[in-house]
Amino acid sequence: MSVYEMAVKYYPRLWSGERIEALVDAGRLTREEADAVLEKGQ
C-alpha cells in the first residue's frame, strides 16, 4: 500500500492534517496528493 493510499484510508480518523503536511515536507506525498486527501476527508 502506498503512502497516498494509507493517507486516504487513515485521514482524518487516525492521521491529522499536520501528519499529512509532514508527509509532504518529507517528500512522501506530493502537494497535489495531500490536497486531494484533505478534500476527501472533509
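1. Leaving out residues up to four places away in sequence, Gly-41 touches Tyr-11 and Pro-12. Arg-13 is worth a look here too: Gly-41 and Arg-13 are 28 residues apart along the chain, yet their C-alpha atoms are separated by 8.8 Å.

2. A word on what you're looking at. This is a predicted model, so please read every number here as computed from that model. The protein has three helices and zero strands, and from the N terminus the elements run α-α-α. Taken along the principal axes, the C-alpha atoms fill a box of roughly 20 × 20 × 15 Å.

3. How much of the protein is buried? Buried residues make up 26% of the 42 residues. As for how the chain meets itself, take the contacts with a separation of 6 or more: 40% of them come from residues 24 or more positions apart.

4. Now the helix pair I'd look at on screen, H1 (residues 3-10) and H3 (residues 31-40). Their axes come within 9 Å and cross at roughly 20°. That angle is why H1 counts as roughly parallel to H3, given that the label applies to angles under 35 degrees. The crossing of H1 past H3 is right-handed.

5. Which residues do the meeting between H1 and H3? On the H1 side they are Tyr-4, Ala-7 and Val-8, and on the H3 side Glu-33, Ala-36, Val-37 and Lys-40. Sorted by type, the residues of this contact are five nonpolar, no polar and two charged.

6. Is Ala-7 buried or exposed? Ala-7 counts as buried, because its relative accessibility is 0% and the buried class covers anything under 20%. Val-8 is partly exposed, because its relative accessible area is 33%. Both sit in helix H1, as recorded for Ala-7 and for Val-8.

7. Ala-7 touches Trp-15, Ile-20, Leu-29 and Val-37, while Val-8 touches Val-37 and Lys-40. So far as spacing goes, Ala-7 and Leu-29 are 22 residues apart in sequence and 9.1 Å apart in space, C-alpha to C-alpha. For Val-8 and Ile-20, 12 residues apart along the chain, the C-alpha separation is 9.9 Å.

8. On to the inside. How many residues are in the largest nonpolar core? There are 11: Val-3, Ala-7, Tyr-11, Trp-15, Ile-20, Leu-23, Val-24, Leu-29, Ala-34, Val-37 and Leu-38. The elements giving two or more residues to this core are H1, helix H2 (17-25) and H3.

9. Last, Trp-15, which is one of the residues of that core. With neighbours within four places in sequence left aside, Trp-15 is in contact with Val-3, Met-6, Ala-7, Tyr-10, Ile-20 and Leu-23.

Conventions: Residues numbered from 1 in each chain as written. Predicted model: local features only at pLDDT ≥ 70, side-chain atom pairs only at ≥ 80, totals over all residues. Heavy atoms only, no water. Axes fitted to C-alpha atoms, helices over the stretch in contact; angles between N-to-C directions. Helix = DSSP H or I, 4+ residues; strand = E, 2+ residues; numbered from the N terminus. Parallel < 35°, antiparallel > 145°, perpendicular 65-115°, else oblique. Left-handed = near helix turned anticlockwise from the far one by under 90°. Contact = heavy atoms within 4.5 Å. Nonpolar A, V, L, I, M, F, W, Y, C, P; charged D, E, K, R; others polar. Buried < 20%, exposed > 50% of the residue type's maximum accessible area, 1.4 Å probe, protein only. Core = buried A, V, L, I, M, F, W, Y, C linked by side-chain atoms within 4.5 Å.
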